[in-house]
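Subject: Structure handover

Hello,

Here is the structure for you to look at. My notes follow below it.

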Amino acid sequence: MYDDKALPLYTCSYILYLVTLIYLSMKYMKHPSLAAVLILALTWQACQTFQNVKWEPEYLGPVVYTVIDPVEIGNASADTILYASEAEDLQISNFQYDQQFNTGTIGPVDLPAKHEPLFDLFANVEIIQGSVELWFENTWPITISAGTRIVGEDSLAGPIFDHPLPHDVAPGESYRDTIPIINKNLQYGFTIQWRDFQSPGGNVTFQSGNTLDLYYDFTLDELSIALVKPNKEYVLEDESQFELNIEDDSLLGESPEGTLSFFIENNLPAQIELEMKLLNSLGDTVYTFFNGQPVVVPSPAIDGNGYTQAPTEADIIDAVDIADISQINDAAYLYTYTRFITPSASKLVVDNDNYIRIQLTANVKVKGQ
Amino acid sequence: MPAMIGMDRAKVHVDIVNAYAYLGNSSYSYKEGDLVLTTPDADNQTVDEMLAKLKDRNDAYGGLILQPLNFSFKVNDGLAFGFGWAERIETRFSFARDFLEVAWQGNAPYAGEDKDLGPIDGNVMYIREFGVTGAYHALSADELSLWVAARPKYLQGVFSLYAPDNNITMFTEANGKYIDITYENEIHASFPDTVRPFKTAGNGFGFDLGGNLQIGERLHASLNLIDLGSVKFKTNASTFAANETVRFRGVELDNIYTDVVVRDSAVIAEMTPHSETNDPYNHPLPAKLILQGAYRIPGTTAGGEDYYRHSFFFTIVQGLSKYSSFGTHNILSLGAATDIAGMLNVGGNLNVINFNQMQLGAFLSARLAVVRLGVGTSNLFPLLLKAGPTSDLNVTLGLSF
């Protein structure tokens, strides 16, 4: 994460080092400029003269910010989904579990479709560009033939993907592929299904309870528009790696003075409640932001077409005392807990113009010499 | 002043050494600067006091003009010619007190207000000048005499930094949510890859024009336009320009819920936008208008040679080129000189710079046979009392016959 190995940029010795570099770099001229010599001499003299001067300018301004858009929320909320199939669904006439038998040639046969909700927060997603990753391990004792199809459909929007296996997948082998999705609409009525399942079969034993597990995971790259479910609570919890190594001889000095402030701007059709903590490498909390209380940012007003109007804001001035920076130095992870509470409305729309913006600013004394 | 070559009583005048150096600023006296540099206990209060002494706009300047060769000769009473070669290094930097105050205190004390950090102008020029002077006695009557002269000059540019009319404005949002910086910059530079004595980066032409009027025996007036022209720098020429406002909102972090990506690589470039071109540019000379009037009391030496026993003069110098090394400063000077037996000339002058700085100058020249030696300064205060912010020194050694 953000690694602040601050440099002692303002020490006299560093300035002198820089000026010396400038002078030496000019030495490739046959006749070093008198101006370079003069600058070097004046800088050395100035450093000697002002060695007791403590230069401590006070900085007020932004440090970092992040903009969270619906694509990022959608991808964070979309879990990997399992589509498990039972062997008896292969419709083998003499099928039995835990007994060896000759299956004969299997298929083509359609296994039962399964329905799964996607992007829990979204009721409807129009994807301009995205992808779905499919992977499975063939845990059955039969080869799955090339041409067997994995099909995903939306009950209202029609086919999303139709992927034939390009080669046989033998027992024990794994298969993984990523299929692009362009200009598709995903809704709650999404189903996934093995179709035209084919296998050469053989003299095999199927273990009871042994399912063929197909995993799939959607990724949004760009969406056109999405509908958000009203009156819904949705929580995103996340731990991201975080490192902040501010050394004693950094710009903040040995006794830092100042504060950090947070500014949150909400342009999503949802009330946001945000909690943040810093954890050490053992998972223990080393610092809790906002005194442990969640920051609440109300939902913007929604117009008659379901679009947000003006963003709402929450300003947490002086949220962090820079004197606590030593605690933050022990952090290894940033824990965020974000609760989205969508308002009541007949329609709630998000598109690429919606966002949450979180900004960190600083009002600190920078220590020079 | 070009017309002077026609009014010189000597037929031939050769300068062996002619050097002029100047150094100064508009804010600190030499005494204050010397005190700061030699005081081992300068602390934060010292810096605060130094900043308080600055004006809204401050200038620092310096220069060196050397004439390795300069001679003139009178063809007859109506015509004179001259030739001069000069090496000129002239610099001037302008900066605003606000810029240093923000650098010293930081931007936090000025949150919520527009802070004008400019002007930030710079002018450094090293040129070589070859001038040919022609003076013509245009009017010669009983009580009136008028000499007019022109000096076209071929200029060679060695290096240049020309940054006219630069301004930076900063606004810090009251809570620090953003910092707006408005750039209005144009910086030209031309520096050679290697510094060799006669390697140049550009050339140009300049003109000096002048006229000297004598009324009767004692009244003199002259009007001169000096340093009209410019040098076009072509070699290694770069122009950096910016005219926009940028808003700093912080370094952007992406993918906050997955693998955080820090997008800091473009921050510096985004905050210091500029376009760069390599077109030649013109660096103007420090054009000046010089008006001088004098009342001279003639005398005759024991050898029967005419000379001016006493002189009283006033001089007005007005800079004409705002972004040149002289700018549009003005100097008003009142002076007097006494010539002793045509061999020793000593005088002094009181100068007022821009109507707010006073200087006391002095000069001394001696003539022994054909040899002339002169030394002078427009401000004795720094040399004697370390007072005053500006001083210069002129030394001349020549032959006149």
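First, the ground rules. This is a predicted model, in which local features need pLDDT of at least 70 and side-chain atom pairs count only at pLDDT 80 or more, while totals for chains, interfaces and linings use all residues. Residues are numbered from 1 along each chain as its sequence is written, chains are lettered from A and ligands numbered from 1 in the order in which they are written, and side-chain values use heavy atoms, with hydrogens and water left out.

**The sheet**

Strands here are DSSP runs (E, at least two residues), numbered from the N terminus. Two strands pair if DSSP finds at least two bridges between them. In chain A, four strands make an open sheet. Their order is β5-β10-β7-β8, with antiparallel pairing. β5 (114–115) and β8 (158–164) of chain A are the edge strands, so each pairs on one side only. β5(A) joins strand β10 (residues 190–195) of chain A through two bridges, in the antiparallel sense.

**Salt bridges**

A salt bridge is a side-chain nitrogen of Lys or Arg within 4 Å of a carboxyl oxygen of Asp or Glu. Searching the whole structure gives 24 of them over all chains.

One is Arg176(A) with Glu133(A), whose closest N and O atoms are 2.9 Å apart. This pair links distant parts of the chain, 43 residues apart: Arg176(A) lies in strand β9 (residues 174–187) and Glu133(A) in strand β6 (residues 122–137), both of chain A. For accessibility, buried means under 20% relative accessible area, exposed over 50%, and partly exposed in between (1.4 Å probe, protein chains only). Arg176(A) counts as exposed because its value is 51%. Glu133(A) is partly exposed at 25%.

Another joins Asp315(A) to Lys177(B), at 3.7 Å from N to O. This pair crosses between chains. Asp315(A) sits in strand β19 (residues 312–321) of chain A. Lys177(B) is in the loop between β7 (167–172) and β8 (179–190) of chain B. Asp315(A) is partly exposed at 38%, and Lys177(B) is buried at 16%.

The next is within chain B. Lys288(B) and Asp227(B) meet at 3.7 Å, N to O. They are 61 residues apart, in strands β16 (residues 288–300) and β10 (residues 219–233) of chain B respectively. Lys288(B) is buried at 14%. Asp227(B) is buried too, at 3%. Both belong to one network of salt bridges that share partners, along with Arg88(B), Glu90(B), Glu129(B), Arg151(B), Lys153(B) and Asp208(B).

Best wishes
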